[in-house]
Amino acid sequence: MRSYLLTTAAAAAFALAMNTGAFAAGWDGADDLPTSPLACDASAPAAPAAAKPYDGGKAINAPDKAGKEITLVDVPKLIGIGYFNATSKGIADAAKEIGNVKVTTDGPTEAKIDEQIKFIDNYITRGVDGVLFAANDPVAIAPVLKKALSKGIHVVGYDANSTPDAREWFINQAEFNGIAKAMIDSLAKESGEDAAFGIVTSTFTTPNQARWIAEMQAYAAKCHPKLQWLETVEAQEDNVLSFNQATTLINKYGDKLKGLFGMTSVATPASAEAVTKAKLCGKVAVIGLATPNAMKPYVNADCVKSVVLWNPIDLGYAATYVMRAIVDGKLKPGATSVDAGKLGKLNVVNGSEILLGSPFIFNKSNINGFDF
Amino acid sequence: MSAVASSPRAPRIAVRHEIILAAILIVALIGLGFANDRFLTLDNLLNQGRLMTEIGLIALPMTFVIITGGIDVSVGAIVGLCAIALGYSWKNLGFPLPLAIVFSLGVGAAAGFANGFVITRIKVPAIITTIATLTLFRGLAEGISQAHSVRGYPEWFYFLGQGDVFGVPTQLLILLIAIVAFGVALDRTSFGRTLYAIGSNETAARFSALPVDRVKLAAYTLSGLTSGLSAFVLVSRVTTTRSDMGMGYELDAIAAVVLGGTSIFGGSGTIWGTVIGLVMIQLLKNGLALTGVKGDATIMVIGIVLIASVLIASSLQRRRE
């Protein structure tokens, strides 16, 4: 009797635990901020954004190191993945090119905001001239960044933003609506206007991914209203989990599924691998954000036609130049552009963001020319 | 009565372990202090105290639970659930914030009570129960919040997580009070004696007419309650609520308890040991980071140091016996 009770109780507890997954069905992974979908027509120029006053923060009593050597730390969301290896390469390249900048990259091995906060906190104690970061959570990271600013440490974000007043400038790799348009247009072109699709994202609270998904919804509703949104699944930024989640979507929706979006540089190759393993190349289109090296096998095998991204090396490169420009007093609130070495002049958008450029689509004809 | 009679001996062994551990800690601190001049500063140490509080609050009742021979791996998930309960009840249900805080603490206590109830009444082993509730509570947190963060708390709410009282981080004071309270409860009350008795020999404790189930229920409920408190401190420190908060906290808390000399088989252990274990892990991580050891290497070094200090402590102890 007792063992019977025990097993039923354990089974019931597990069943309950598993059932909570059912909540997931209704989630789309989008955030609830306002969206601004671009025009459907590719040739239409982007509407000029209304000029916004500078809304970034300010380093308090920062020592004047114009022209002098500065020590920086780069704390990405996590270390050891291709994407952030590429950004830190760009950061290091620019530091070498400029000369009087020393930079180390250090960060958590998992994309955990709590760990990231502790890393930044330790570097504040250790004493650096500037912090470069890619936030795991825009709000949770704000207090520690404000602490850095209050101690005279310059703060510049790239890739994933914080609340504006917690940093000075942010390097925006591509505007969200631009990425969303590129993704949705590619799907409609490859799988048809009425394709049903699923999304593999990192987590529903990761700021970039949530923003892109929200913009994708808005743009799809405006320009490709017949596309069918099946489900968005979370896969952290984990290789195995991404593969499993993509496989689950393939099995769950069967023939209905015509496309998969990978929202992270981990999810996209894992989704392509899942489609390859399921022998569905050509039947299920995989479109996503990823680095070219990870996608070359699938693109060359004709399993994936479009990979959407910017150049993460350029992103890191620009971040170092922006930091140097702040320290040298060349980039002040109200500026409209900044000089970023080989990238030329980059424009200021949204008050305190510096725009890297428009998104780039890698395909079979150009992907082999890139190595990162 | 054999269990009760044997219990006073258990703490004495643990005290020796703590002294050895404290000596290792001091040596490590001096070494790290020489390696980096910013490590042994008041500013840094107080800041580490601030960062340590969330795990510390969980590690205290975890010591009780492990002394009884049990374990609670659901604490990290309870932190997530309580954080969501706090944010959600305030933002979506319209509770006034103070009420939302109390509500969230209540949710934590209820979650701990549920663990204790299943363990003592339905007799499911603690590890199975809390693995199951770990997924259950985390799933609830994600389900209720729909993975949306809650932000925009009023300024006064941040006092606990970011403020100071006479230069000491607010939450560190709470941790200190909790340490004293838990230490006294374990050392000086019949409740504490009963925890040891249960861990040494649960059957004997039952035959001695000790309120075994009630005491265990209380230990798990306390565990849930302080997880709720930990969530409050965490939300106040990082100014936002996320359903993935507290992920992995159970391992950090258990590591501190076990490093502090509490036997994973139950029956022995002290709060002071746990505190030393907690401080040791936190300051080692911080000291290594300040000395320039990178994140991935720090984790490895910490692992090696943990194993080494347990080995040194236990071999010294064996030689003396």
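Helices here are DSSP runs of H or I with at least four residues, strands are runs of E with at least two, and both are numbered from the N terminus. Hi everyone, with that in place we can take a walk through this structure, and please keep in mind that it is a predicted model.

Let's start with a loop in chain A. Asn61(A) sits in the loop between helix 1 (2-19) and strand 1 (70-75) of chain A. Its phi is near 50 degrees, a positive value in a residue other than glycine. Is Asn61(A) buried or exposed? Asn61(A) counts as exposed, because it has 8 C-beta neighbours inside 10 Å, and the cut-off for exposed is 12 or fewer.

Chain A has a second residue of this kind to show you. With 10 C-beta neighbours inside 10 Å, Asp302(A) counts as exposed.

Now for the domains. The assignment for chain A gives domain 1, made of 70-174 + 311-357, and domain 2, which covers 175-309. Taken over C-alpha atoms, the centres of domain 1 and domain 2 of chain A are 28 Å apart. How many residues are in contact between them? On the domain 1 side of chain A there are 15, and they touch 13 residues of domain 2. Helix 2 (residues 82-98) of chain A gives the largest share of that domain 1 side, with 3 residues. By class, the domain 1 side that touches domain 2 of chain A has 11 nonpolar, 3 polar and 1 charged residues.

Helix 2 of chain A also packs on helix 10 (residues 312-327) of chain A, at an angle of about 45 degrees and with the axes 6 Å apart. Helix 2 and helix 10 of chain A are therefore oblique to each other, and their crossing is right-handed. From helix 2 of chain A, the contact includes Tyr83(A), Ala86(A), Ile91(A), Ala95(A) and Ile98(A), while helix 10 of chain A brings residues including Pro312(A), Leu315(A), Tyr317(A), Thr320(A) and Arg324(A). The classes in this contact of helix 2 with helix 10 of chain A are 12 nonpolar, 5 polar and 4 charged residues.

Two of those names come back with Val103(A), in strand 2 (residues 101-105) of chain A. Setting aside neighbours within four places in sequence, Val103(A) is in contact with Leu72(A), Asp74(A), Ile91(A), Ala92(A), Ala95(A) and Thr320(A). Val103(A) counts as buried because it has 23 C-beta neighbours inside 10 Å, where 20 or more is the cut-off. Pro164(A) is 61 residues from Val103(A) along the chain, and their C-alpha atoms are separated by 23 Å.

Next is Ile113(A), in helix 3 (residues 113-126) of chain A. Ile113(A) is buried, with 23 other C-beta atoms within 10 Å. Beyond four places in sequence, Ile113(A) is in contact with Asn136(A), Asp137(A), Ala140(A) and Ile141(A). Leu78(A), 35 residues away in sequence, is 9.6 Å from Ile113(A), C-alpha to C-alpha.

One more helix pair in chain A. Helix 8 (residues 267-277) and helix 9 (residues 292-300) of chain A have axes that come within 9 Å and cross at roughly 25 degrees. Helix 8 and helix 9 of chain A are therefore roughly parallel, and the crossing is left-handed. Thr268(A), Pro269(A), Ala272(A) and Thr276(A) in helix 8 meet Ala294(A), Met295(A) and Tyr298(A) in helix 9 of chain A. That contact between helix 8 and helix 9 of chain A has 5 nonpolar, 2 polar and no charged residues.

Over to chain B, where helix 4 (residues 75-91) and helix 6 (residues 126-145) have axes that come within 8 Å and cross at roughly 25 degrees. That makes helix 4 of chain B roughly parallel to helix 6 of chain B, and their crossing is left-handed. Among the residues that meet are Leu81(B), Ile84(B) and Tyr88(B) in helix 4 of chain B, and Leu134(B), Phe137(B) and Ile144(B) in helix 6 of chain B. By class, the contact of helix 4 with helix 6 of chain B has 10 nonpolar, 2 polar and 1 charged residues.

My last stop is helix 12 (residues 249-259) of chain B, which is mostly covered, with 9 of its 11 residues buried. Glu250(B) and Asp252(B) are among the buried residues of helix 12 of chain B. Just after helix 12 of chain B, Gly261(B) takes a positive phi of about 100 degrees.

Key:
Residues numbered from 1 in each chain as written. Chains lettered and ligands numbered in written order. Predicted model: local features only at pLDDT ≥ 70, side-chain atom pairs only at ≥ 80, totals over all residues. Axes fitted to C-alpha atoms, helices over the stretch in contact; angles between N-to-C directions. Parallel < 35°, antiparallel > 145°, perpendicular 65-115°, else oblique. Left-handed = near helix turned anticlockwise from the far one by under 90°. Contact = placed C-beta atoms within 7 Å. Nonpolar A, V, L, I, M, F, W, Y, C, P; charged D, E, K, R; others polar. Domains from an automatic or database assignment.
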